[in-house]
Amino acid sequence: MKNKFIALAALAIGFASCEPEFEKEVTADYSAGEADFSSYVAVGNSLTAGFMDNTVSRVGQTYSYPNLLAQQFALVGGGAFTQPSFAEDVNNLGGFAGQPGSTRLVIDATQLNADGTRGAVEPIAGASTITLTPQAKAYNNMGVPGAKSFHLGIQGYGALNPYFARHATTPTATVLGDAMSKAPTFFTNWIGSNDVLAYATSGGVGVDQNAAGNTNPTTYGFNDITNANTFNSVYSTIVNTLTSNGAKGVVCTIPSVTSIPFFTTVKYNPIPDAALSANPNIALITSLHQFLALATNGRISPLNVADGLPNAVIINDETLSDLGTQITAFANGSGNPILIANASTLGNLYGRARSATSSDLIVLRASSIIGQVNTSAPAPFNVNGVTLPLSDQFVLIPSELTAISNATAAYNNSIISIADAKNAAAGKTVVAVADMNAILAKLVSGLKIETGSIYTANYFGGSATEGQVLFSLDGVHPNARGYAVIANEIIKVINTKFKANLPLQNPTYFPGINILPTN
Amino acid sequence: MRKLFSLSLLTLASATMFAGGYRVSIQGQKQLAMGHTGVAVVNSAEVAFFNPAGMSFLDKKFNLSVGGNALFAKTRFQSSQFNQTAATDNVGTPFSLYATYKINDWVSAGLAVYTPYGSSVEWNQDWAGAHLVNNIDLQAIFIQPTISFKIEDKFSIGGGPIFVQGSVNFNRNLTPNPVLSNNGSGTDVTLDASGISATGYNIGMMFKLTNQVMLGLDYRSEIIMEARGGSANFADVPAIASASFTNTTFSADLPLPAEITAGISYRPTDKWLFAFDYNYTKWDVYKSLDVDFDNTLPTSVNPRNYKNASTYRLGAQYQANDKFTFRAGWYFDESPVQDGYFAPETPRNDSNGYTGGLTYQVNSKLGIDLSFLYLHFDQVDNSYDYFDDPTTTTGLSSFGGTYKSSVFSPGIGITYGF
């Protein structure tokens, strides 16, 4: 009998030791390091607000990188993280009530694109339910879409920006003031993109205030490039304010526009031979280009619809001298009755026109108009980009690109040197820098995340590329997956600079593009 | 759009139906209690499985052994990189039935029915590794009519064909990417095949070196389970992709590898018996699991790249008196899964098995057998690095973390003989 008890005891031990247990809990090594996440406040613009697909929506906002960061901070003593209320957006459409077409962008699988393929990008059907009803409340996420660096300190900025109008604590509140009312112990600050991006996305129609030497932002138009000295001074104020109560934080550099799909998706030579050959006026168009090649001293290249290579669009370059008179004279002397009849029109249309080159960037908005008939011009001079030069707002020419890259470099130098100065003064890391410019630049060659998946900046190119896209359909803002990548880069900086140990988000599990069978 | 979907979205990966981790050896109460040794042990009708040649050395004219186990297999997963945790608790019920009959002095016949592959793993639907497996349930019954010839007093051979009846049910998400999701629930596919038949054989020889020492050698052939015409049903397909993901049938081949076992037993006295077995399993036949859909969906190729694996077994038996016999054993089971191929449908690394048991002899004919098995797994950091995400065209993605498993299995059986 004794042996029986031993056997039973052995069985009992077997059962008891059956539960598999790890040597340590999954959360055992997580730590806040030198940081204190008890009150985390995010300052910034649309990128911080969780803006994607051309709007902030109720669901989209939950994927903002500050919200994703806060989820990880919560593991190591992070406090509650609040974001401006979008509870009104019951159908998750984004936009603003009363503004048709302001809803979030989706792919409509059955809708035709300009090039004949299906899957056009369009605002999701339905009317937005987001109102400007004041919430009069400060939130942890103080990302305000559209905000430039100098906007954060403007009293009554809500009058200029409907997003801030929704939650400004008072009619005269500043974004920074509301942020400080949350008494941050930790902050992220990603402001400054709009100081150059508004100019870039508008195709450079604004004023480069660096070239103009204008440091007074109250005189700036929305599409202007902020003067770098102005940026430096404003940014310094923001960082000093955020750190004034001993908070630590991360500042993010400004990505170069050449890495975002808004400027890389449409090529300078997007017109395939076949599309041209299909045009009933192709003979006329070809001879027009031959004439223009001669009359513009080669600014416009002859078309070649047989070489298998796509053809460049023609654009208006306001930096060129006006050859209108010469073109008109050439037309009158050509002996061709059509050219003679349109001599002055040709001079007006093509005086500053040239064929685009690989040094020009065509904005994403142009994709829907290139090759389309423009009713504002007479036939056959009315085919956008083919016989009608694309206007300034659709093209960034090299001089504009230089203005943009110079400004971006100057801003990023300011951000880094302001952070360095802070840290040097404190003798430790107070403000860490997340070099978003360097990270997003990697997208050009493909960003490989921790699981091995490779993401590229490719604008949504059909479902075949869906899994690789980190940008939303507006071509400027990341999608949810892209925000997860950004959150991870900031986490890595925090882990390194503040000796913290925070887990990453797995971008693979975040949604990309929203495709609907019909819209 | 539709075309793009059908071109790119589908490289369905599937699960290991018959993985090394699920070859939990429970083919007889007495032998399990002795570390699942048995190729050179003549103890009961269980020898029909372990080495058919041994049937010739059984003393009694008729031997019957019937038993079953409750198999509790638990696995925990965690990833500190992404703060993920998951758990799966599963119960299996392997059973066995062996009968032998000594027709005359030199020939014995027998029947063996056993379930060497039969287990399930069920993770929470849509868990972090759902793109590799949500759940899998595998059943296979081996039926082996057996015959054994005693060539002379010291040597015998035996063997028989194996007829397998199997079924498998397997569910996984198509991709970790929620683009293919419907109301938050990932698009998944269920592969279901039943009535899979296959054949193989089991042959062995046994040599009585001395009255104390027995040598045995056994070979079980490779068996390819060919699933044909099983159903592949898609669920939670978003409207945009419904044209591509239509329910269909599939074909897949699942190898059960050949296994060779050599062993020795030593009976120094009437009371004591010691045994040692060495198994070598030709797992390298399992290169890849390819699921071929019978519609336009592309074939799903899932590298497995198993390696051949060895198992070392020790067992002892002590007959205390006429009523009680006690047994104990240990074995080391080498996992065939190589680093980087560690998938959550077979979350098994090398393990140490500890076994024990006893027989209570009710009378000279009837005995009651009890056994237990405890499989200990060290926690392991590993990953499956070969998931070809159908929504990307470049890069294989990796899923991994820390795994910890345990298996506990009590069993009961009866032995009857005259």
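1. In chain A, 73% of the contacts (heavy atoms within 4.5 Å) with a separation of 6 or more are between residues 24 or more positions apart. The model is predicted, with local features needing pLDDT of at least 70 and side-chain atom pairs counting only at pLDDT 80 or more, while totals for chains, interfaces and linings use all residues. Residues are numbered from 1 along each chain as its sequence is written, and side-chain values use heavy atoms, with hydrogens and water left out.

2. Chain A has 519 residues, of which 56% are buried (under 20% relative accessible area, 1.4 Å probe, protein chains only). The C-alpha trace spans about 120 × 65 × 40 Å along its principal axes.

3. Chain A contains 18 helices and 14 strands (DSSP runs: H or I of at least four residues, E of at least two).

4. Helix H7 (residues 193-201) and helix H16 (residues 398-426) of chain A have axes that come within 10 Å and cross at roughly 170°. H7(A) is therefore roughly antiparallel to H16(A) (angles over 145 degrees). H7(A) contributes Asp195(A), Val196(A), Tyr199(A) and Ala200(A) to the contact, and H16(A) contributes Glu400(A), Ile404(A), Ala407(A), Thr408(A) and Tyr411(A). By class, six of these residues are nonpolar, one is polar and two are charged.

5. An open, mixed sheet of three strands in chain A has the order S3-S2-S14 (strands pair if DSSP finds at least two bridges between them). Strands S3 (118-123) and S14 (515-516) of chain A are the edges, each pairing on one side only. Strand S2 (residues 105-112) of chain A runs parallel to S14(A), joined by two bridges; Asp108(A) has Leu516(A) in S14(A) as its bridge partner.

Conventions
Chains lettered and ligands numbered in written order. Axes fitted to C-alpha atoms, helices over the stretch in contact; angles between N-to-C directions. Parallel < 35°, antiparallel > 145°, perpendicular 65-115°, else oblique. Nonpolar A, V, L, I, M, F, W, Y, C, P; charged D, E, K, R; others polar. Buried < 20%, exposed > 50% of the residue type's maximum accessible area, 1.4 Å probe, protein only.
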